[in-house]
Amino acid sequence: RHATFMIMGDTCTRACAFCDVKTGLPGKLDQLEPVKIAEAVKKLNLKHVVITSVDRDDLDDGGSNHFYEVIDQTRKKNPNTSIEVLTPDFQGYGPALKTVFEAAPEIFSHNVECVERISGQVRVQSIWSRSLDVLEHSVHFGLLTKTSMMVGLGETKVEVIETMKEVVDLGVEIFTIGQYLQPTSHHLPVDRFVENEEFQDYKKI
């Protein structure tokens, strides 16, 4: 009874080298989407819902008000459903982050995606330090904060552990790690397939 919804369309304003969501100029926001999401959550009788989105750098607020409305409508129709959001960095714009924070999701998530050394080639239009700032702002606001990253992109085990330490020092409480898989031949190649033993090591650490 968990599901994830991607809001604000199917076209992203960024072109990350690991992601197969199409890039371009998105269309207008669907103003009824918050109600549609809320009704879908109710119909599916979800226990937990994750709300994520494409990047919308074309919007003055990055889509933060739309996030707020989706959270608000979902909670009104589904008071017993926990809500997790996985947001863009909103280009580090404080008021946009504050808007989402004030909607009070049970979990606020923003992904670092990879270790710092390769971040520039993995997330060309993003900034590593800006992602850390987003996570730190969420922690300071008092939200349960989460981040995630991929392995198999050319990082070392030491770098993964350093990344974990860096985010936990910010106060991030949930950290997930997953294997990168190449969506098409035009995306970054898989450097290695990480063995389960290494994942178990990360879990212990």
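**Helix packing and the parallel sheet**

In this predicted model, helix 1 meets helix 2 through Glu-33, Pro-34, Val-35, Ile-37, Ala-38, Glu-39, Val-41 and Lys-42, and the residues contributed by helix 2 are His-66, Glu-69, Val-70, Gln-73, Thr-74 and Lys-77. Sorted by class, this contact comprises six nonpolar, three polar and five charged residues. Two packed helices are described by the angle between their axes and the distance between the axes. For helix 1 (residues 33-43) and helix 2 (residues 64-77), the angle is about 35 degrees and the axes are 8 Å apart. The crossing of helix 1 and helix 2 is right-handed.

Strands of a sheet pair through backbone hydrogen bonds, either parallel or antiparallel. Here, six strands form an open sheet with parallel pairing, in the order 1-4-5-6-7-8.

Strand 1 runs parallel to strand 4 (residues 48-53), and the two are joined by six bridges. Within this pairing, Thr-52 in strand 4 is the bridge partner of Met-6.

The helical and sheet elements also come together. Helix 2, which packs with helix 1, lies across strand 1, strand 4 and strand 5 (82-86). Relative to strand 5, helix 2 runs at about 165 degrees.

Conventions
Residues numbered from 1 in each chain as written. Predicted model: local features only at pLDDT ≥ 70, side-chain atom pairs only at ≥ 80, totals over all residues. Heavy atoms only, no water. Axes fitted to C-alpha atoms, helices over the stretch in contact; angles between N-to-C directions. Helix = DSSP H or I, 4+ residues; strand = E, 2+ residues; numbered from the N terminus. Left-handed = near helix turned anticlockwise from the far one by under 90°. Contact = heavy atoms within 4.5 Å. Nonpolar A, V, L, I, M, F, W, Y, C, P; charged D, E, K, R; others polar. Pairing = 2+ DSSP bridges.
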